[in-house]
Amino acid sequence: MTDETRSYDPGSHPDLPPPASTVGVVGWVRQNLFATPLDVALTVLALYLVYLLVPPVIQWAFIDADWVGDTRDACSREGACWVYIRVWFKQLMYGRYPDEELWRINTAYVLLVAAAIPLFIPGFRWKQWIGVFLLIGYPIIAFFLFVGDAFGLEHVETPLWGGLFLTLVIALVGIVASLPIGVVLALGRRSKMPVVRSICVAFIELWRGVPLITVLFMSSVMFPLFMPEGVNFDKLVRALVGVMLFSAAYMAEVVRGGLQAIPKGQYEAAEALGLSFWKMMGLIVLPQALKLVIPGIVNTFIGLFKDTTLVLIIGLFDFLGMVQLAGTNPDWLGFAVEGYVFVAAGFWVFCFSMSRYSQHLEKKLHTGH
Amino acid sequence: MAVETKIAVAPAKPPVWNDPRYRALFFQVLVLGGVVLLGAYLVGNTMANLERQGIASGFGFLETTAGFSISQTLVEYSEESSYGRAFLVGLLNTMLVSIIGIFFATILGFIIGVARLSRNWLISNLAAVYIEILRNIPLLLQIFFWYFAVLRNVPSPKNSHSMFDSFFLNIRGLYSPAPIFEAGFWLIPVALVAGVIGVVILARWARARQERTGERFPVFWTSLGVLIGLPLLAAIVMGFPLSWNYPELKGFNFVGGMVVIPELVALALALSTYTASFIAEIVRAGITAVSHGQTEAAYSVGLRPGPTLRLVVIPQALRVIIPPLTSQYLNLMKNSSLAAAIAYPDIVLVFAGTVLMQTGQAVEIISITMAVYLTLSLLISAFMNWYNKKMALVER
């Protein structure tokens, strides 16, 4: 032992601070940005990339942008022309829905949000009833509000529907309808009855193997051929049927994943108690299986929500379709970028919050070990 | 007193309507009957409608002259060609954009996935920003953005952006020099194939030798030398039988060279950047799934970081990566059908669009189109399943 170690009594050695280069901002920067020569090069490169991208975008979108005015002359064309969005805002949100009837859409929005909020409050007691209302009562109310022609409401034809409103209608109908169909298909695919199983497998694999566009094409050109003479479906209804069948097949695969994850003992225990097939599924298996696959279901919803943009190819003007339409207006040529940025931001907010919510659920529901 | 009790030898038989076997049979007959009835109803309606509208049926139309032109054809095609030929052109265009998309999406996705795991804070967060932005915006919107907002804003042919005076970007597309194969060019591909065969044999021999003696052979550098050297030698022997046809501005447009149409550029760009964001997440999940203990164990038996990655981490990560990667490839292939929205002549636009409009034979055309996508899906998944089996853990 040397003298230096002996000059302190045990326990009386003063605590020295850690070296300055390992703590605080300096330490963090050294560890996370400049740890090795390669890291230094990468950091410099990344900083240069950020410098190239971020300031011009901010300059364009905020500093040089024009916010006020009603005509294209209000735009200096040096930065973004948000006046364009301002002028077209109503169309982007509601399509060509008549002005004096817009309150109907807004009422439906408010009702939806008001009914959905309690679902997010932990410990709220009547969640089941609200769920039942949202799945059964709300669609009926919304249908009459949107279509009209009853209770003294004026009839609004579906070709007038458009914008974000149409996007939400297609996405929500697809989501609400695809879940039960998907559950039935998944049960069918796991069934021991060969005929039922093969029909379900064929149905699921057929829809999953083809792109949504061909499904929409099919529903718009082949559907009229399938119906007896004189029966004619609305274009929107045809698109909805296509979207529903398509997303049901994807939902079925997600639910099947959950069904497979339930241990066999659960099924056997339910059978041993003498439960019938539907009681076993409804009371024992499905509640566990669906809980397991909630993140997967949310991901399917996100995919479906993004896929609704495809309806513009068969001539429905959803959120993106409306921006395309506005871009062809002779008074407003040349503002494609602003339109796309706005719509992209809209979709991004919806999809990003849904995906964050699904991650949150995944953490919350993770009750395993 | 003994009570005579009769013990039933066989268990009581349930009545027929409670017997699971008969129930299953009955239920299946019911379902099958329902499906058949529905099918018959739809087919009946369709036949009646087709007859009423005077639409021909059958596949005879494939022989008829098409009479329209297509902006990008990989095989010979003119307005006099048949609908069948147009179908082939569309199919090849779909496959072209899918292959280009898969190629770039894989490279970009792997780079971003690894960047996401980087210890460098800036790099990993830039990768996260890329992933979160790209995958939460609909693909169709991204295609529109690249096509209408970016590629429609490039200059006219007169003021093209040029690079080395041989690549030109303008509103008509991307022009590049076209190779002209002269006599004797055949030797170069032959040399390349010979090189590949040689490398495979060399790798097997080196592996066998290492397992026998423990001595290693620099396979990588030798292979690189063989693969570059042999074709180069062939080229020297034949006196460089390759020249380039440069695009030139004549009047209002470019003449000569090869042109990549802007629709293809926009579509391939959007498909690969969008799918790359999903592949990046898959790669990240795959690499984090290999526990750190594996790396530590590899270090402790004396492997250096390079071989650790190549021999220990990546083979295990690939097992997790391949199945979801397959479904991303399938998605990309199916998403290439969005081509119809920007008029890239893929199978949906050419066949389910133009040909359908001209002939009106919706049932045949939509069925063929769906069958094509189903077949392509099955091909890709068969290939990836084969690869997955090769990579999978061999268990007892």
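Colleague: Which residue of S2(B) does B:His161 stand opposite?

Modeller: B:His161 stands opposite B:Leu169 there. Keep in mind that this is a predicted model.

Colleague: And what does B:Ser162 stand opposite?

Modeller: B:Phe168, again in S2(B).

Colleague: How many bridges join S1(B) to S2(B)?

Modeller: There are 3 bridges, and the two strands run antiparallel. S2(B) covers residues 167–170. S1(B) and S2(B) make a hairpin with 3 residues between them. In that turn, B:Phe164 has a positive phi of about 55 degrees.

Colleague: Which residues of S2(B) are on the covered face, and which on the uncovered one?

Modeller: B:Phe168 and B:Asn170 are on the covered face. B:Phe167 and B:Leu169 make up the uncovered face.

Colleague: What is the strand order in the whole sheet?

Modeller: The order is S1-S2-S3-S8 in chain B, an open sheet of 4 strands with antiparallel pairing. S1 (161–163) and S8 (258–260) are at the edges with a single partner strand each, so one side of each has no neighbour in the sheet. On average, neighbouring strands are turned by 20 degrees against each other, direction ignored.

Colleague: Changing topic. How many residues of chain B are in contact with chain A?

Modeller: 47 residues of chain B, and they are in contact with 40 residues of chain A. Several helices of chain B supply at least two residues each to that side, among them H3 (121–135), H4 (139–150) and H9 (305–335). H1(B) gives the most, with 13 residues.

Colleague: What is the split by class on that side of chain B?

Modeller: It has 33 nonpolar, 10 polar and 4 charged residues.

Colleague: Which residues touch the most other members of the largest nonpolar core?

Modeller: B:Leu141, B:Ile143 and B:Leu267, in a core of 149 residues. Helix H7 of chain B, residues 262–289, brings the largest share of this core, 15 residues.

Colleague: What is B:Leu141 in contact with, leaving aside its neighbours within four places in sequence?

Modeller: Residues of chain A: A:Thr309, A:Leu320, A:Tyr340, A:Val343, A:Ala344 and A:Phe347.

Colleague: Is A:Val341 buried or exposed?

Modeller: A:Val341 counts as buried, because 20 C-beta neighbours lie inside 10 Å and the cut-off for buried is 20 or more. A:Val341 is in helix H15 of chain A, residues 336–365. A:Val341 and A:Ala61 are 280 residues apart in sequence, yet 9.7 Å apart in space, C-alpha to C-alpha.

Colleague: What about B:Leu233?

Modeller: B:Leu233 is partly exposed, with 14 other C-beta atoms within 10 Å. B:Leu233 belongs to helix H6 of chain B, residues 219–238. From B:Leu233 to B:Leu187 it is 46 residues in sequence and 9.8 Å in space, C-alpha to C-alpha.

Colleague: Now helix pairs. At what angle do the axes of H10(B) and H11(B) cross?

Modeller: At roughly 175 degrees, and the axes come within 10 Å. That makes the two helices roughly antiparallel. Residues in the contact include B:Phe351 and B:Val355 of H10(B) and B:Ile365 and B:Thr369 of H11(B). By class, the contact has 10 nonpolar residues, 1 polar and no charged.

Colleague: Where is B:Ala343?

Modeller: B:Ala343 lies in the loop between H9 and H10 of chain B. B:Ala343 is not a glycine, but has a positive phi of about 65 degrees. Most residues other than glycine have a negative phi. With 13 C-beta neighbours inside 10 Å, B:Ala343 counts as partly exposed.

Colleague: And in chain A, at what angle do the axes of H4 and H7 cross?

Modeller: Roughly 15 degrees, with the axes of H4(A) (82–94) and H7(A) (163–189) coming within 1 Å. H4(A) is therefore roughly parallel to H7(A). H4(A) contributes A:Gln91, A:Leu92, A:Met93 and A:Tyr94 to the contact, and H7(A) contributes A:Gly163, A:Leu164 and A:Phe165. These divide into 5 nonpolar, 2 polar and no charged residues.

Note on methods: Residues are numbered from 1 along each chain as its sequence is written. Chains are lettered from A and ligands numbered from 1 in the order in which they are written. This is a predicted model: local features need pLDDT of at least 70, side-chain atom pairs count only at pLDDT 80 or more; totals for chains, interfaces and linings use all residues. A nonpolar core is a set of buried Ala, Val, Leu, Ile, Met, Phe, Trp, Tyr and Cys residues joined through C-beta atoms within 7 Å. A residue is buried if 20 or more other C-beta atoms lie within 10 Å of its own, exposed if 12 or fewer, and partly exposed in between; C-beta atoms are placed from the backbone. Two residues are in contact if their C-beta atoms, placed from the backbone, lie within 7 Å. Two strands pair if DSSP finds at least two bridges between them. Axes are lines fitted to C-alpha atoms, for helices over the stretch in contact, and angles run from 0 to 180 degrees between N-to-C directions. Ala, Val, Leu, Ile, Met, Phe, Trp, Tyr, Cys and Pro count as nonpolar, Asp, Glu, Lys and Arg as charged, and the others, Gly among them, as polar. Angles under 35 degrees count as roughly parallel, over 145 as roughly antiparallel, 65 to 115 as roughly perpendicular and the rest as oblique.
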